[in-house]
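Open the model in your viewer and keep the selection tool ready. This tour goes from one selection to the next.

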Amino acid sequence: MPDAPPKLTILPDAAALAQAAATRLLARLAEPRERFAVGLTGGSSPEGLYRLLATEPYRNQIPWERVHWFWGDDRFVPQDDARSNAGAARRLFLDRTLAPPANMHAIPTEAANPDEAARRYEAQLREFYRADRLDPARPLFDVVLMGVGNDGHTASLFPGQAQLDETKRWVVGVPQAGQEPFVPRVTLTFPALASTRDMLFLVTGRGKREIMARLLAGADLPAARAHCDGDLVWLVDRDAAPERRDVA
Ligand code: 6PG
């Protein structure tokens, strides 16, 4: 069950939301760390942020050599398929920057099936983390980006599906998506997504207003179950906000 309805930061529009997200991400990446891990998301909401990261002054401030890019979920399609979350992030920003290809850790959708891809990705994450157990005092990620679907799903954790209750695995296969595109998925689980200093939900557009109203009313939807060892931040543009509030 959700702990409490999300507390939203409302931005005037999608451009302001992308800037707020970029500023928060850059602040994390300015910390004195040997390396960083960022969990990316799919869908339309992060597109503005991704484009921004490939432009100045943002691009110049990212320590590309030390940042490792992972994905919270992906569709089980090749990276050059238009539905691939990894492909989208690469086209929108990673391939336009100095990000070393070795730092882009896409979910291996060339595996035989989603379960096999999940096992391989979990092994990669454990190796990166250098441990088999997640320690809340030492998060796996610095920043995890999240989105919300119209049905309340987040990452590829869909309402009513068994993956919501997974407590041990870090990554699982999802044989059937609950929403378009209806291709199998591979997703990180709530415990793995929670292992981050910042979890940033990005929500834009009028089409999200109804689901945001349900979340604020305390509905037990996957996005409401997301939790975080660090700071959980909901960045929502005014179009997606269910009622008029003061703009942040
Ligand atoms: C995916 C995403 C998913 C997404 C939401 C919102 O692969 O579909 O990771 O969780 O964030 O569906 O997508 P939109 O921003 O396009 O509405």
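## Around the ligand

Select Lys-208 together with the ligand: a polar atom in the Lys-208 side chain lies 2.4 Å from a ligand oxygen. Bear in mind that this is a predicted model.

Now show the ligand's surface. On its own, the ligand has 410 Å² of accessible area, and the protein covers 89% of it.

Then pick His-153. Here an N or O atom of the side chain lies 2.8 Å from a ligand oxygen.

How many residues surround the ligand? There are 16. The closest are Ser-44, Asp-73, Asn-85, Ala-155 and Lys-208.

Colour that shell by class. Ten of the residues are polar, four are charged and two are nonpolar.

The largest pocket is where the ligand sits.

## Over to the aromatic rings

The structure contains eight aromatic pairs.

Select one of them, Phe-70 with Phe-128. Is this pair stacked or edge-to-face? It is edge-to-face, with 70 degrees between the planes. The ring centres of Phe-70 and Phe-128 are 5.1 Å apart.

Last, colour by secondary structure. Phe-70 belongs to strand β3, residues 67-71. Phe-128 belongs to helix α5, residues 114-129.

Terms used: Residues numbered from 1 in each chain as written. Predicted model: local features only at pLDDT ≥ 70, side-chain atom pairs only at ≥ 80, totals over all residues. Heavy atoms only, no water. Near = heavy atom within 4 Å. Polar contact = N/O pair within 3.5 Å; in protein donor to acceptor, adjacent residues only side chain to side chain. Areas by Shrake-Rupley, 256 points an atom, 1.4 Å probe, with all protein chains shown as cover. 1 Å grid on protein atoms, 1.4 Å probe; cavity = no way out; pocket = protein on both sides within 12 Å on 5 of 7 lines; lining within 4 Å. Sits in = over half its atoms within 2 Å of the grid points. Nonpolar A, V, L, I, M, F, W, Y, C, P; charged D, E, K, R; others polar. Phe/Tyr/Trp six-rings, centres within 6.5 Å; stacked < 30°, edge-to-face > 60°. Helix = DSSP H or I, 4+ residues; strand = E, 2+ residues; numbered from the N terminus.
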